[in-house]
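Thanks for coming, everyone. Please take a look at the model on the screen, and then we'll walk through it.

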Amino acid sequence: MNVNTRGSVYFKKSRGIHHDAFDFETSAHTTISKTIRLVRLFSYDVVFVLGCGKGRAVCHFARQHIRKVVGIEISEELCQIARVNAKVLRGRKADIEIWNTDAALADFNEGTIFFMFNPFGEQTVRAVLQNIEKNHDLTKPLTIIYARPLYSNVFNEFPWLEVIYDYERVSGLRVMVYHIKVKANLS
Ligand SMILES: C[S@@+](CC[C@H](N)C(=O)[O-])C[C@H]1O[C@@H](n2cnc3c(N)ncnc32)[C@H](O)[C@@H]1O
């Protein structure tokens, strides 16, 4: 892919408004590509990668036939690296934007798919779901992919969401995929 997305970085600051940011670490390319294959992508899709780090998952999504990928990252230093990776990525098919902001505060209006690889704790997960609830048209399709879902309990607070996939890989990595419930089932 011609990108440099390796390594792990420990940040003492930038824990976010809810003070629960996890440090940067990335996962294997095969893990990300297999996870992406769990969902069907369309040319209109706008994917938000929450806690995009150096942009590995962003780059994988951008090689698909979708409209756009937005990487949200709280660390300015990681954003700069992700932007370089976006520029040099080989085989890019979709536009890429990298936003240096807290996922709890981001404008998710355009998003149709949200991808998280355990980037932050319970409070920010809740803030993200509240943000989507407030700003997304819940009659339109929306998919949330949550890998290593430590705080999947928070999703139970949002009755408009349902699990469509709960998958545990041989490596032990669990991935949950959520959809908006069809209107008839909303209670
Ligand atoms: C496990 S890494 C994600 C790896 C990345 N998805 C990839 O493809 O390599 C978690 C990232 O989330 C970021 N992060 C944590 N809390 C955040 C928040 N509230 N808003 C935005 N980014 C956050 C961290 O700085 C870190 O880079």
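Which elements make a right-handed β-α-β unit? Strand 3, helix 2 and strand 4 do. Right-handed here means that, with the strands pointing away from the viewer, the path from the first strand over the helix to the second runs clockwise. Helices (H or I, at least four residues) and strands (E, at least two) are DSSP runs, numbered from the N terminus.

Two notes on the source. Residues are numbered from 1 along each chain as its sequence is written. The model is predicted: local features need pLDDT of at least 70, side-chain atom pairs count only at pLDDT 80 or more, and totals for chains, interfaces and linings use all residues.

Now strand 4. Strand 3, residues 46-50, pairs with strand 4 in the parallel sense over 5 bridges. Pairing takes at least two DSSP bridges between the strands. Val47 has Val69 of strand 4 as its bridge partner. Strand 4 also runs parallel to strand 5, residues 95-100, with 6 bridges joining them. From strand 4 the chain crosses through helix 3, residues 76-88, to strand 5, and this β-α-β crossover is right-handed too.

Next, the ligand. How many residues surround the ligand? There are 27, and the closest are Ala21, Thr26, Gly51, Ala57 and Pro119. Near means a C-beta atom, placed from the backbone, within 6 Å. Strand 2, helix 2 and strand 4 each supply at least two residues of that shell.
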